[in-house]
Amino acid sequence: MPKSKVRKKSVYTPPEGVLPSSAARARAVQPSPRWYAVLMVALMLVGLLWIVVYYVAGDRIGVMVSLGAWNFLIGFGLMVAGLVMSMRWR
């Protein structure tokens, strides 16, 4: 049986402005600094601690009594901030 002809395609090269520069690619691949992970975990733990303290002793702490239900927003807000940071951590 005869061999079929092989088509030769030219290699695609995108236009100059489409690809990011090598400096931008090198900067995006670098790992996060050490303080980033510490801050991320600290935010999640402080948020959890805030909610636990509010449940256990919130009626004895003047600041938490005056905030009322806003304590949940503060606690969950801190935890969500830590979670958002974890998505950008390398």
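F76 sits in helix α4, residues 70-88. Helices here are DSSP runs of H or I, at least four residues, numbered from the N terminus. This is a predicted model, where local features need pLDDT of at least 70, side-chain atom pairs count only at pLDDT 80 or more, and totals for chains, interfaces and linings use all residues. Residues are numbered from 1 along each chain as its sequence is written, and side-chain values use heavy atoms, with hydrogens and water left out.

Back to F76. Its relative accessible area is 46%, so F76 is partly exposed, meaning between the buried limit of under 20% and the exposed limit of over 50%, with a 1.4 Å probe and protein chains only. V46 lies 30 residues away along the chain, and the two C-alpha atoms are 9.8 Å apart.

Now the helix pair. The axes of α2, residues 34-57, and α4 come within 8 Å and cross at roughly 160°. Axes are lines fitted to C-alpha atoms over the stretch in contact, with angles from 0 to 180 degrees between N-to-C directions. The two helices are therefore roughly antiparallel, which means an angle over 145 degrees.

Next, N71, also in helix α4. Is N71 buried or exposed? Buried, because its relative accessibility is 1%. The N71 side chain reaches the backbone oxygen of G68 at 2.8 Å. Leaving out residues up to four places away in sequence, N71 touches W50, Y54 and M64; contact means heavy atoms within 4.5 Å.

Note on methods. Parallel < 35°, antiparallel > 145°, perpendicular 65-115°, else oblique. Polar contact = N/O pair within 3.5 Å; in protein donor to acceptor, adjacent residues only side chain to side chain.
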